[in-house]
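Subject: Handover of a structure and the findings on it

Dear colleague,

Please find below the structure that I am handing over to you. A summary of the findings follows it.

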Amino acid sequence: MDCYFGSYELPEGNQLDKSAVVIFSIPDLGIKFKAPFDGVNNDHNDFASLLALLEFIDSNQKYFSNHTYQIFGNNKKIINQVNNHEQPPLIFTPLMQKAKDYRKKYRFSLSWIKPDDNPVYRSLFD
């Protein structure tokens, strides 16, 4: 099952008083999620989006049992960190541990996709 994650940086002084909107999408099930988030930087926002997706999968196993997941995102740093190709900053240690715990629990691959091909941005203003 294909799943997508990403974040959209909000302008400073926005009405939400947050730094970004975290987004994930599972097109096969018609699921689109977006929520304001106040990350320390864009990598943190994207990490939050990935973890929100994994938490959603974990909390809704009646829809996801016995599936292998192909997860796509357009932040190469986060993908490389979760795939153990790059060392994350120490500030992300707790987030990385959560991602590793989900990786042990579920079968998923994590791959890069061009931002223009990531459907989460098409659903941002739905």
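A residue is called buried when its relative accessible area is under 20%, exposed when it is over 50%, and partly exposed in between (1.4 Å probe, protein chains only). By that definition K105, at 53% relative accessibility, counts as exposed. Please note that this is a predicted model, in which local features need pLDDT of at least 70 and side-chain atom pairs count only at pLDDT 80 or more, while totals for chains, interfaces and linings use all residues. Residues are numbered from 1 along each chain as its sequence is written, and side-chain values use heavy atoms, with hydrogens and water left out.

Overall architecture

The protein contains 5 helices and 5 strands; helices (H or I, at least four residues) and strands (E, at least two) are DSSP runs, numbered from the N terminus. Starting at the N terminus, the order of elements is β-β-β-α-α-β-α-α-β-α. The radius of gyration is 14 Å, close to the 14 Å that the globule rule gives for 126 residues, so the protein is as compact as a globular protein of that length. Here the radius is taken over C-alpha atoms, and the rule is 2.2 Å times the number of residues to the power 0.38. Along the principal axes, the C-alpha atoms fill a box of roughly 45 × 35 × 25 Å.

Of the 126 residues, 48% count as buried. The protein exposes about 7,200 Å², of which carbon and sulfur atoms supply 50%; accessible areas come from the Shrake-Rupley method with a 1.4 Å probe, and for residues only the protein chains shown count as cover. Among contacts (heavy atoms within 4.5 Å) with a separation of 6 or more, 63% are between residues 24 or more positions apart.

Salt bridges

A salt bridge is a side-chain nitrogen of Lys or Arg within 4 Å of a carboxyl oxygen of Asp or Glu. The structure holds 3 of them.

One joins K77 to D43, with the closest N and O atoms 3.4 Å apart. K77 belongs to helix α3 (residues 76-82) and D43 to helix α1 (residues 42-59), so the pair ties together parts that are 34 residues apart in sequence. K77 is partly exposed at a relative accessible area of 42%, whereas D43 is buried at 15%.

Another is formed by K105 and D58, whose closest N and O atoms are 2.8 Å apart. This pair links distant parts of the chain, with K105 in helix α4 and D58 in helix α1, 47 residues apart. D58 counts as partly exposed at 24% relative accessibility.

D117 and K114 also form a salt bridge, their closest N and O atoms being 3.9 Å apart. D117 is partly exposed at 39% relative accessibility, and K114 is partly exposed at 46%.

Aromatic pairs

Rings of Phe, Tyr and Trp (its six-membered ring) pair if their centres lie within 6.5 Å; planes under 30 degrees apart count as stacked, over 60 as edge-to-face and the rest as tilted. A search of the whole structure finds 5 such pairs. The ring centres of F47 and F92 are 5.6 Å apart and the planes stand at 75°, so this pair is edge-to-face. F47 lies in helix α1 and F92 in the loop between α3 and α4, 45 residues apart. Both F47 and F92 are buried.

Y69 and Y106 form an edge-to-face pair as well, at 6.5 Å centre to centre and 80° between the planes. Y69 is in strand β4 (residues 69-73) and Y106 in the loop between α4 and β5 (108-112), 37 residues apart. Y69 is buried at 2% relative accessibility, and Y106 is buried at 11%.

Two polar residues

A polar contact is a pair of N or O atoms within 3.5 Å; within protein, one must be able to donate a hydrogen and the other to accept it, and residues adjacent in sequence count only if both atoms are side-chain atoms.

S7 lies in strand β1 (residues 2-9) and is buried at a relative accessible area of 11%. The side chain of S7 makes a polar contact of 2.6 Å with the side chain of D46. Beyond its neighbours within four places in sequence, S7 is in contact with residues including V21, I23, N42 and Y121.

Q97, in helix α4 (residues 93-105), is partly exposed at 39%. The side chains of Q97 and D101 are joined by a polar contact of 2.9 Å.

Yours sincerely
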